[in-house]
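Please examine the sequence and the model shown below.

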Amino acid sequence: MKSFLCVILLILVDTCLRVSCAPKGVEEESHQEGPGHKKRHTINIQGGMLHSTINANGETVGLGAVYVRWGLNTCPNGTALVYKGYAAGNRYNVGGGTSDYLCLTDSPNYLSSDTSSNLFSSLYGVEYETVGGSGAVFRNLYNYEMSCALCHTTKSITFMLPGSAQCPNGWVTEYSGYLMAELKTSLGGGRTGKSAICVDAEAEAIGTSANTNPSVVYVMKADCTVLPCPPYDNQRALSCAICSQ
């Protein structure tokens, strides 16, 4: 579904480029490039830069994309940092709130100064619940909090590949890591679990190791009831990768 929405966004931006439209909240710049290319457009959409080059045939090439790097507040080489911040979500045992983890900026800006409302939905930082032996995945991050970053790549499309740390042939690996989500029993108030996220294998700890149990994540493992084992192994943490092209 996310890949489908990404493709729709690309089509809309491409159409916008061809007709030179710039809706409210979208800033567009263009300049001439060298032989073989007519123009290079830069569009700023909510802080994420999307680049597109129009070649001599009027074809759009090199459209950019953004993705969240979970577990680190920096972006891989060759990409640009849009913003950095903190992984956030609703408390593991409370209903309501967000249905997915959010990458919350570390530079908040408030539109309203009112503090009188006592009915609201809370966001909590995300804590690693990575228990196990000394060799367990992210064992050194147990009970620490998670950072994140929104990264921009000049590649046209990105997607998250669950189950493998290696992207398919012809795709670039932006980063690889481990699939993480709520514990299967972490349901409260009738809500459903959040979507899994791909946490960078080089994730770093932030905050303190105090066991506050706010919004939490666990590594994921395959269940062999229906999934084929092998190739899957129900004793090992599932890997993942963010791929681009």
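**Disulfides, core and surface**

A disulfide, meaning a pair of cysteine sulfur atoms within 2.5 Å, joins C75 to C151, with an S to S distance of 2.1 Å. C75 lies in the loop between β5 (65-70) and β6 (80-89) and C151 in strand β9 (residues 147-153), so this bond ties together parts that are 76 residues apart in sequence. Strands here are DSSP runs of E with at least two residues, helices are runs of H or I with at least four residues, and both are numbered from the N terminus. The torsion about the S-S bond of C75 and C151 is about -95°, and the disulfide is therefore left-handed.

The model is a predicted one: local features need pLDDT of at least 70, side-chain atom pairs count only at pLDDT 80 or more, and totals for chains, interfaces and linings use all residues. Residues are numbered from 1 along each chain as its sequence is written, and side-chain values use heavy atoms, with hydrogens and water left out.

C75 has a relative accessibility of 17% and so counts as buried. C151 is also buried, because its relative accessible area is 0%.

How many disulfides does a search of the whole structure find? The search finds 5. When the bonded cysteines of the chain are numbered in sequence order, the pairing reads 1-4, 2-3, 5-10, 6-9, 7-8. One of the disulfides is formed by C167 and C243, whose sulfur atoms are 2.1 Å apart. C167 is in the loop between β10 (158-162) and β11 (172-181), while C243 is in strand β14 (residues 239-244); the pair links distant parts of the chain, 76 residues apart. Both cysteines, C167 and C243, are buried. With a torsion of about -95° about the S-S bond of C167 and C243, the disulfide is left-handed.

Strand β14 also holds C240, which is bonded to C198 in strand β12 (residues 197-200), so this pair ties together parts that are 42 residues apart in sequence. The sulfur atoms of C198 and C240 are 2.1 Å apart. Why is this disulfide right-handed? The torsion about the S-S bond of C198 and C240 is about 95°, so the disulfide is right-handed. C198 counts as buried because its relative accessibility is 1%, and C240 is buried because its relative accessible area is 0%.

The interior can be considered next. A nonpolar core is a set of buried Ala, Val, Leu, Ile, Met, Phe, Trp, Tyr and Cys residues joined through side-chain atoms within 4.5 Å. The largest such core has 26 residues, of which W70, Y128, M146, I197, V199 and V217 touch the most other members. Two or more residues of this core come from each of β5, β8 (124-128), β9, β11, β12 and β14. Leaving aside residues up to four places away in sequence, I197 touches W70, Y101, M146, Y178, L179, M180 and V217, where contact means heavy atoms within 4.5 Å.

Charged side chains also link parts of the chain. A salt bridge is a side-chain nitrogen of Lys or Arg within 4 Å of a carboxyl oxygen of Asp or Glu, and the count comes to 2. In one of them, R69 pairs with D200, and the closest N and O atoms are 2.9 Å apart. R69 is in strand β5 and D200 in strand β12, 131 residues apart. R69 counts as buried because its relative accessibility is 11%; D200, at 3%, therefore counts as buried too.

D106 forms a salt bridge with K84, and here the closest N and O atoms are 2.6 Å apart. D106 lies in the loop between β7 (102-105) and β8 and K84 in strand β6, so the pair ties together parts that are 22 residues apart in sequence. D106 is partly exposed, because its relative accessible area is 26%, and K84, at 34% relative accessibility, counts as partly exposed.

For the chain as a whole, the secondary structure comes to 1 helix and 14 strands. Buried residues make up 35% of its 245 residues.

Technical notes: Buried means under 20% relative accessible area, exposed over 50%, partly exposed in between (1.4 Å probe, protein chains only).
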